[in-house]
Amino acid sequence: MWARDESIVTHFNKYHRNPMYLRDHQFPPNITAVGPDLPSKELIDTMDVLLFAIPTQFLRENLTSLHPRLDRHKMPLMIFVNKGIEVGTHALTLEIIADTCGPEVARAATFISGPSFAKEIVERQPTSVSVASFNESEANKATILFHQPHFRCYTGVDPIGIELSGALKNVYAIAAGMSDGLGFENNTRAMIITRGLAEMTCIGTAYGASPLTFLGLAGVGDLFLTCSSSNSRNYTVGHRLGRGESLDTIMKTLGSVAEGVSTTKGVKTIIDELGVNAPIANSIYDVLYNGKETRTAVRELMELPPSKELELPPTAGGPARKLLRKLGLDIS
Ligand SMILES: NC(=O)c1ccc[n+]([C@@H]2O[C@H](COP(=O)([O-])OP(=O)(O)OC[C@H]3O[C@@H](n4cnc5c(N)ncnc54)[C@H](O)[C@@H]3O)[C@@H](O)[C@H]2O)c1
Ligand SMILES: O=P(O)(O)OC[C@H](O)CO
């Protein structure tokens with residue numbers, strides 16, 4: 001385990017506990033911490049698998065530093081568990097990997113996503129996730145590595161859809177938390193989850209992902225989890241906004257990453273570029289970045305004219321095609 005703080009490295013190697021996160025968990029003695037510098041090329045050469053749990057906004061800088069230390073002829077299996085969209089570029093992780101490490105590495109990159117609070121995983125509570133890569137054999141390797149009696153891995157075939165699912169659900173978790181924070185109850189939360197799923201599916205379809213992916217663990221599974229639990233950081237941000245706290249105060253005191261806050265910016269750009277109707281995501285953007293009052297956002301959403309329940313946009317898939325081209329996978 002790489003840690004950027006030397007005191008965590010020392011503490012972890014002595015006690016096999018992380019003093020910052022999951023403090024009560026005793027890690028197995030065969031896990032060693034290294035840091036604060038990035039692991040050396042020599043150390044990386046000995047690794048079969050690299051698992052990246054770096055928040056999306058910091059991934060590019062870390063992969064840029066790491067790339068020269070990777071041996072092209074002996075690439076480890078690279079697994080990514082972050083759930084977000086990069087601010088400024090609105091890039092998915094696949095694109096960040098392609099930009100920093102090259103298309104070959106991105107094609108083999110494997111993504112794990114799904115309803116999986118870290119605390120419950122380390123307690124070995126029954127959990128399931130999706131595992132997806134453009135390179136099926138890499139996804140199968142990751143599945144074999146992680147699949148255990150308390151942790152089921154289902155192999156997905158749509159890494160773009162899996163990535164979008166993980167990023168988008170965080171925006172709707174903010175909406176659900178906000179609704180609960182405002183004092184609304186079960187009907188409203190169910191509405192947000194269901195209409196959120198409809199929006200996610202429309203955005204994903206217009207992007208070029210498979211609509212079916214959003215019905216999987218990474219989609220509705222994680223959406224349901226994070227929209228209905230105060231253990232979710234994204235839900236908590238929304239809840240505190242609904243209770244009247246400012247975003248600034250919340251971000252200064254949260255003590256942990258809520259990917260949805262930054263990801264909402266990328267989602268807004270994607271929605272606007274694709275012309276997708278996603279009123280909940282637009283409202284969350286306005287609450288976070290345009291100073292819209294939470295109650296006003298709810299009233300405006302409820303006063304929208306009636307519309308068809310589900311109307312998928314055409315699957316033009318421009319962004320996905322552009323990404324596939326970048327990865328050297330566009331065979332059309
Ligand atoms: N916690 C969960 O239950 C969970 C589950 C699945 C996926 N994820 C995803 O994993 C990613 C990380 O989330 P988390 O729960 O570990 O967040 P966290 O807030 O608990 O921890 C953030 C981690 O990122 C590190 N970090 C901060 N700035 C960094 C930088 N510039 N370079 C490298 N590392 C940096 C911090 O040291 C810390 O270890 C997110 O994308 C999240 O959505 C989290
Ligand atoms: O705490 P959150 O909102 O980042 O959610 C964590 C994971 O994404 C749950 O699957």
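1. The centres of domain 1 and domain 2, taken over C-alpha atoms, are separated by 25 Å. The chain is divided into these two parts as domain 1 (6–158) and domain 2 (160–315), with bounds that come from an automatic or database domain assignment.

2. This is a predicted model, in which local features need pLDDT of at least 70 and side-chain atom pairs count only at pLDDT 80 or more, while totals for chains, interfaces and linings use all residues. Residues are numbered from 1 along each chain as its sequence is written, and chains are lettered from A and ligands numbered from 1 in the order in which they are written.

3. Where the domains meet, 25 residues of domain 1 are in contact with 28 residues of domain 2 (C-beta atoms, placed from the backbone, within 7 Å). On the side of domain 1 that touches domain 2, the elements giving two or more residues are H3, helix H4 (93–101), strand E3 (110–113), strand E4 (127–133) and strand E5 (151–156), and E4 supplies the largest share, 4 residues. Helices (H or I, at least four residues) and strands (E, at least two) are DSSP runs, numbered from the N terminus.

4. Ligand 1 has 18 residues around it, of which Phe58, Asn82, Ala118, Ser256 and Val257 come nearest; a residue is near a molecule if its C-beta atom, placed from the backbone, lies within 6 Å of it. Each of domain 1 and domain 2 gives at least three residues to this shell, and helix H3 (residues 56–66) gives the most, with 3 residues.

How values were computed: Two residues are in contact if their C-beta atoms, placed from the backbone, lie within 7 Å.
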